[in-house]
Amino acid sequence: MKKWVGFLLVMVVVLGLAACSGTEAQGDEDVYKIGAIYSKTGAGSPLGEPEWNATKLLEKKINEEGGIDGKKVEIVLADDESTPEKAMEEMNRMIYDENVVAVLGSTTSGASLAMKGIAMDNEVPLVSAGAAVSIISPVEEAKWVFKTPHSDAHAVERIYMHLQNEGMNKIAILADSNAFGESGVEQLEALAGDYGMEIVMKESYNTDDPDMKTQLTKIDSSDAEAMIVWGTNPGPAIIAKNSKELGLDIPYIGSHGIANQSFIDLAGEAAEGVTIPTGKLLFPTQIPEDDEQYDVISSFYDDYMSEYDSAPTNFGSYGYDNLMLIVDALESGATDRESIREYLENDVQGYVGATGIFTFSADDHNGLEADSMVLAEVSAGEWTLK
């Protein structure tokens, strides 16, 4: 008799747990849960904060407009504190604790590369805001990984096109020693021959270095006609100030990693004349109305300014596109991890985003072209279309 009572008690507990589990699962059916990991704090915060803000803004707007087929979107936001280690920790939490259908992020290339392996091992769609081409290449090692920023390869091509037009072919490189900088150097070297460029000097710096005058002095003594600086703030801003202090007159060309107001604020007057390749959201009021991206860019820019009273910059566009590509998949009926991945790879064709017009394929998980980038120059303390 005691055995039967014990058995019945066990069954009651099991059935109770099953009922609770079923209730929880039923509740989850009313929500699409998406993870988002961005650099809200730390060195990458000037890039990550607009991505974070864009994500919150869109979540609010989507749900106020009725969600997706009546279901709300729940974005689980996490700060990676600008470190790969924290990004990996949060990536695991998103998958195992939050059970999200997809993950957005992270902000930097190093963190995104750290998350890539976890996404691949667990077969979870990851849409990165990092620029390094290695995030989605080689494609056989990035089946579950996509990204929305222009690749460093695109930025390099756009820079080399500009140098060709200016009649320059001898360049010096000064790059951060981190993953983003290393990837940029790799592409600068790989594409140099295609554009007739000669790299006459190559120097590096560490992300937290407070002074780069030694490297700049070496570059100044070379016969370089232009200097390409590859990194994200604060390094490039310090280099601009050091260049001005040393009296260098060599043209300064930066990467798309400094396409924000933060660079100008940090560099001050030394930012004048700096040229970069960039997406169009950096100067939305200068985009002609007949541009295919005009409506998307204008609408997002106005909404962001109204919500935060600050400009989203290109990094806000990555946050926008990362989320809206997943939303597009969900609206099309791709509601689990596998179908979302399949949708992104096969059905994103000519998708007009804030960063550019995307066409993904089995061979290309970035889906952008170099000619979708434009050139910007700092003039009178502002980024202007060149």
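Biologist: How many aromatic pairs does the count come to?

Modeller: The count comes to ten aromatic pairs, taking rings of Phe, Tyr and Trp (its six-membered ring) with centres within 6.5 Å. Bear in mind that this is a predicted model: local features need pLDDT of at least 70 and side-chain atom pairs pLDDT 80 or more, while totals for chains, interfaces and linings use all residues. Residues are numbered from 1 along each chain as its sequence is written, and side-chain values use heavy atoms, with hydrogens and water left out.

Biologist: Is the pair of Tyr 160 and Tyr 195 stacked, edge-to-face or tilted?

Modeller: Tilted, with 5.7 Å centre to centre and 50 degrees between the planes. Under 30 degrees would be stacked and over 60 edge-to-face, with the rest tilted.

Biologist: Where do Tyr 160 and Tyr 195 sit?

Modeller: In distant parts of the chain, 35 residues apart. Tyr 160 belongs to helix 5 (residues 152-165), and Tyr 195 to the loop between helix 6 (179-192) and strand 7 (198-205). Helices (H or I, at least four residues) and strands (E, at least two) are DSSP runs numbered from the N terminus.

Biologist: At what angle do helix 5 and helix 6 pack?

Modeller: About 50 degrees, with the axes 9 Å apart; axes are fitted to C-alpha atoms over the stretch in contact, and angles run from 0 to 180 degrees between N-to-C directions. The two helices are therefore oblique to each other: under 35 degrees is roughly parallel, over 145 roughly antiparallel, 65 to 115 roughly perpendicular, and the rest oblique.

Biologist: Which residues of helix 5 meet helix 6?

Modeller: Asp 152, Ala 153, Val 156, Glu 157 and Tyr 160, and their partners in helix 6 include Gln 187 and Leu 188. Contact means heavy atoms within 4.5 Å.

Biologist: What about helix 11, how does it meet helix 2?

Modeller: Helix 2 (residues 45-64) packs on helix 11 (residues 313-331) at about 40 degrees, with the axes 7 Å apart, so helix 2 and helix 11 are oblique too. Among the residues in touch are Leu 58 in helix 2 and Tyr 320 in helix 11. That contact holds eleven nonpolar, four polar and two charged residues.

Biologist: And how do helix 11 and helix 12 cross?

Modeller: At roughly 110 degrees, with the axis of helix 11 coming within 9 Å of that of helix 12 (residues 337-347). That makes helix 11 roughly perpendicular to helix 12. In helix 12, Ile 340, Tyr 343 and Leu 344 take part.

Biologist: Last one: what joins strand 11 to strand 12?

Modeller: A hairpin, through four residues. Strand 11 (residues 349-352) and strand 12 (residues 357-359) are antiparallel over three bridges, and Val 352 stands opposite Ile 357.

Technical notes
Nonpolar A, V, L, I, M, F, W, Y, C, P; charged D, E, K, R; others polar. Pairing = 2+ DSSP bridges.
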